[in-house]
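Here is a short report on one part of a fold. Have a look at the sequence and the structure, then read on.

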Amino acid sequence: MKKSVFAILLALMLVVSSGAMAMTAGTYEGVGKGLMGDIKVSVEVSENAIVSVTVTEQNETPSIAGPALEQIPAAIVEHQTLLVDVVAGATFTSNGIIAATEAALVAAGADYKKVYLSLQEFFERLLNEPS
């Protein structure tokens with residue numbers, strides 16, 4: 001049962017992502033709010049993929065935010081989605097990076113609102129189904 005749910009989830013993510021990832025290739029900037037102020041990112045995209053996410057400016061506490069500043073951009077690129085796990089202890093930083101990346105992707109033409117809603121609805125239905 002778990003394997004079939006996982007397979008369905010992967011298939012859904014591929015279908016939803018492929019439709020939402022139509023972008024204009026280039027490098028785009030985005031800004032999100034961290035705990036200590038704005039977090040700015042530079043996001044490079046191709047027509048259908050996130051190539052890189054780089055945090056260019058931030059004022060977060062290094063000892064607390066460091067793991068999020070490394071892990072969140074890498075996870076976004078690896079999984080090709082903004083639906084990544086936040087780093088424990090650095091939730092504001094994690095969410096700021098995600099929000100900044102979303103702003104850059106929207107500037108590139110991606111419709112990430114639909115991806116958020118589609119996957120959120122899928123998970124809610126999955127979690128609310130009787131076992």
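## Strands β1 and β2

K33 faces D38 of β2 in this predicted model. Another pair links T27 with E44, its bridge partner in β2. In total, nine bridges connect β1 to β2, the strand of residues 37-45. The two strands run antiparallel. A hairpin leads from β1 to β2 through two residues.

## The sheet

β1 and β2 belong to an open sheet of three strands. The order is β1-β2-β3, and the pairing is antiparallel. Strands of a sheet are held in pairs by backbone hydrogen bonds.

Which strands stand at the edges? They are β1 (26-34) and β3 (50-57). Each has a single partner strand, so one side of each lacks a neighbour in the sheet. On average, neighbouring strands are turned by 25° against each other, direction ignored.

## The helix on the sheet

Helix α3, residues 91-107, packs on this sheet. The helix touches β1, β2 and β3. Its direction makes about 145° with that of β1.

α3 has 17 residues. From first C-alpha to last, the helix reaches 24 Å, close to the 24 Å expected at 1.5 Å a residue.

## Buried residues and the helix end

Which residues of α3 are buried? They are T93, S94, G96, I97, I98, A100, T101, E102, A104 and L105. An α-helix has 3.6 residues a turn, so residues three or four places apart point the same way.

Just after α3 comes G109, with a positive phi of about 105°.

Conventions:
Residues numbered from 1 in each chain as written. Predicted model: local features only at pLDDT ≥ 70, side-chain atom pairs only at ≥ 80, totals over all residues. Heavy atoms only, no water. Pairing = 2+ DSSP bridges. Helix = DSSP H or I, 4+ residues; strand = E, 2+ residues; numbered from the N terminus. Axes fitted to C-alpha atoms, helices over the stretch in contact; angles between N-to-C directions. Contact = heavy atoms within 4.5 Å. Expected span 1.5 Å × (residues − 1). Buried < 20%, exposed > 50% of the residue type's maximum accessible area, 1.4 Å probe, protein only.
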